[in-house]
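Biologist: Walk me through this model, please. I want to learn how to read its features one at a time.

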Amino acid sequence: MIHPSYVDLMKVVNKDVEEGEEPVISSRYSVVMATAKRARQIIAGDEPMVKVKDKQKPLSIAVDEMNQETLRILTDEEKEAMYASLEEETQEEESTENE
């Protein structure tokens, strides 16, 4: 059995959601996809954001990161805002380089 459970991880991710609002995640699939993506990043060389135990596997590290709230799943609105911000920064850098 995985510890923490999917249910526990979903509670951690959705803890700041107000009653009546749509949860950030509503299925185990979202937890699996997020932790798998983060595990691939760790395998590719990203530094873990939590203390790593001896011989701990990347997926276990990703689960610990989510459980300790250092790994977040963004809502669609947060993703859109992040992409818009990155696009603005890129445009500003390009205009500065062209001057």
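Predicted model: local features only at pLDDT ≥ 70, side-chain atom pairs only at ≥ 80, totals over all residues.

Modeller: The structure holds five salt bridges.

Biologist: What counts as a salt bridge here, and which residue does Asp 16 pair with?

Modeller: The test is a side-chain nitrogen of Lys or Arg within 4 Å of a carboxyl oxygen of Asp or Glu. Asp 16 pairs with Lys 15, with the closest N and O atoms 3.4 Å apart. Asp 16 is exposed, at 61% relative accessible area. Lys 15 is partly exposed, at 46%.

Biologist: Which residues are linked with Lys 15 in a network of salt bridges?

Modeller: Asp 16 and Glu 69 join Lys 15 in that network. The bridge between Lys 15 and Glu 69 is 3.5 Å, N to O. Lys 15 sits in the loop between helix 1 and helix 2, and Glu 69 in the loop between helix 3 and helix 4 (76-98), so the pair ties together parts 54 residues apart in sequence. Glu 69 is partly exposed, with a relative accessible area of 44%.

Biologist: And Arg 72: which side chain does it meet in a salt bridge?

Modeller: Arg 72 meets Glu 78, at 2.7 Å, N to O. Arg 72 counts as exposed at 53% relative accessibility, whereas Glu 78 is partly exposed at 30%.

Biologist: Now a charge without a partner. Where is Asp 64 found, and is Asp 64 buried or exposed?

Modeller: Asp 64 is in helix 3 (residues 58-67). Asp 64 is buried and has no salt bridge. The nearest side chain of opposite charge is Lys 53, 4.2 Å away. Beyond neighbours within four places in sequence, Asp 64 contacts Val 50, Lys 53 and Gln 56.

Biologist: How many positive and negative side chains does the protein chain have?

Modeller: There are 12 positive and 24 negative side chains. The centres of the two sets lie 16 Å apart.

Biologist: Step back to the fold. How many helices and strands are there?

Modeller: Four helices and zero strands. From the N terminus, the order is α-α-α-α.

Biologist: How does the radius of gyration read against a compact globule?

Modeller: A compact globule of 99 residues would come near 13 Å, but this chain has 17 Å. The C-alpha atoms fill a box of roughly 60 × 40 × 20 Å along the principal axes. Of the 99 residues, 23% count as buried.

Conventions
Residues numbered from 1 in each chain as written. Heavy atoms only, no water. Helix = DSSP H or I, 4+ residues; strand = E, 2+ residues; numbered from the N terminus. Rg over C-alpha atoms; globule rule 2.2 N^0.38 Å. Buried < 20%, exposed > 50% of the residue type's maximum accessible area, 1.4 Å probe, protein only. Lys, Arg positive; Asp, Glu negative; His and termini not counted. Charge placed at Lys NZ, Arg CZ, Asp CG, Glu CD. Contact = heavy atoms within 4.5 Å.
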